[in-house]
Amino acid sequence: MPITVESLEKKDAEEYDPFAHRQIKKPNTTIGSFIHLVKGSLGTGIMAMPLAFKNGGLLFGTIGSIVICIIYAHCVHLLVGTSQKLCRKTQTPVLDYAGTAHKAFETGPQGIKPMAKYVSIFIDWMLVIDSILSICLYIVFIAESMQGVIYNQQGLDWDTRMYILILMIPIVIIMQVRELKQLVPFTAVANMLIIASVGVSLYFIFSEPISLADRNLWPQWTTFPSFVSTVLFAIAGIKTVLPIENKMKHPGDFLRPLGVMQSGLGILTVLYGVTGFFGYAQYGEITKGSVTLNLPSDSGWAETTRLLSAIGILVSLGFTLYIPMEIIWPRLEAKISLRWHNVGQITIRTGLAISMVGFALVAPKVESFIGLLGSFGTAVLSVLLPVTVDTLYRWPTDFGWCRWRLVKNSVLILFGLFVLTVGTYFGILDIVAIYK
């Protein structure tokens, strides 16, 4: 067999080990990465799962939520797997989300190579916007939880906006934590508090008789897009996936069987399904945007649950800000004198915190964010882009027997486009209806 440039490049790619060339100052353990992955998906979304089942019906909701979680897990695998393969192919130690897409376009079909630069810029700003909107949602959720508890206990009828303003100082402080390794204790505490809140919520759900007689089994055509968007929003944390994998001490543990991804998303799928099914089965048509808002107001345990979930979300805000800061700071770092770096970080983080509090003041209704975030941001970042990146990497011949991978990816792209277009449309209608 003659030796060609292509065969030599392929041999070099096979021999190159990107994991061995990664230089990480503070690598994260496999357990720490597992905790971060769970927290990346575990947030206000799990509290919204009964609302998803209200829109999807009990039977369809059960099947549909499992299918959507499997689709999401597959897209995570496509993104991380393609990123690792592109690292080997291009002999690059580490690639983030935008870098992975850039390399996929750059090494893809000739006609799309000029788009590589613009795609990476688009992804970076999509990640920033999606993260910031998620934090705005979390702020509203925390404020609504505080408002409900204080009103029930003290009779103080303040507007949600007052609590959003009160939250500004602790939010600014929490958002000053910078290193992913330093954020592990915060995310661990957040996970424990949120899981405890879900456990107590399930206790209240099961403490009263549950009747399925008057519950919807199937969605209406107008509520189906909201169901898909809410489940996608609840499970999706794809913006955190590559930053977590890139900082791992043993990156191979992320995708291995029963590794970080499979274990984390498997547990979350079961937890989300149980919460959604029985939450809607108990509360029916009065199911609210967060199941904690349906708990009895005269119970100390219920009030404690609201506070626990709110505190859990609050202490995790630093982790949520980690992604946009990883994108924003490198663009500004070189323009700021080294001795002013610390001041610059503090200023940017404080400015972002104040801006997000301001945005939350404009739209203090938790339900208005969920469907729109799920349909627009999550559809693009969690489905369309990972599938596109995998397709470009494999183009034109690496699709298997009868090009089954290309067929599968085409179906996933159609699913993503459906969620993006129809879900966004109905999400906007929901916001208009709330503020009408």
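**Figure 1. Burial of the salt-bridged pair Asp130 and Lys239.** Asp130 and Lys239 are both buried, a class that requires under 20% relative accessible area, with exposed set at over 50% and partly exposed in between (1.4 Å probe, protein chains only). Their side chains form a salt bridge with an N to O distance of 3.0 Å, the criterion being a side-chain nitrogen of Lys or Arg within 4 Å of a carboxyl oxygen of Asp or Glu. Asp130 belongs to helix H8 and Lys239 to the loop between H12 and H13, so the pair ties together parts that are 109 residues apart in sequence. Helices (H or I, at least four residues) are DSSP runs numbered from the N terminus. The structure is a predicted model, in which local features need pLDDT of at least 70 and side-chain atom pairs count only at pLDDT 80 or more, whereas totals for chains, interfaces and linings use all residues. Residues are numbered from 1 along each chain as its sequence is written, and side-chain values use heavy atoms, with hydrogens and water left out.

**Figure 2. Salt bridges of Arg331 with Asp124 and of Glu245 with Arg22.** In the pair formed by Arg331 and Asp124, the closest N and O atoms are 2.9 Å apart. Arg331 lies in helix H16 (residues 317-333) and Asp124 in helix H8, 207 residues apart. Asp124 is buried at 8% relative accessibility, whereas Arg331 is partly exposed at 37%. Glu245 and Arg22 have their closest N and O atoms 3.5 Å apart. Glu245 is in helix H13 (residues 241-246) and Arg22 in the loop between helix H2 (18-21) and helix H3 (30-41), a link between parts of the chain 223 residues apart. Both Glu245 and Arg22 are buried.

**Figure 3. Salt-bridge network of Asp390, Arg394 and Asp398.** Salt bridges link these three residues, Asp390, Arg394 and Asp398, in a network.

**Figure 4. Aromatic pair of Phe60 and Phe224.** Rings of Phe, Tyr and Trp (its six-membered ring) are paired if their centres lie within 6.5 Å; planes under 30 degrees apart count as stacked, over 60 as edge-to-face and the rest as tilted. This rule gives ten aromatic pairs. The ring centres of Phe60 and Phe224 are 5.6 Å apart and the planes are at 65°, so the pair is edge-to-face. Phe60 is in helix H6 (residues 58-90) and Phe224 in helix H12 (residues 224-235), so the pair ties together parts that are 164 residues apart in sequence. Phe60 is partly exposed at 23% relative accessibility, as is Phe224 at 25%. Ring pairs join Phe60, Trp218, Phe224, Phe227 and Phe418 into a cluster.

Figure 5. A nonpolar core is a set of buried Ala, Val, Leu, Ile, Met, Phe, Trp, Tyr and Cys residues joined through side-chain atoms within 4.5 Å. The largest such core has 115 residues, of which Tyr97, Ile139, Ile171 and Phe254 touch the most other members. Leaving aside residues up to four places away in sequence, Ile139 touches Ile164, Leu167, Ile171, Met356, Val357 and Ala360, contact being defined as heavy atoms within 4.5 Å. H8 is followed by Gly155, whose phi is positive, near 75°.

Notes: Helices (H or I, at least four residues) and strands (E, at least two) are DSSP runs, numbered from the N terminus.
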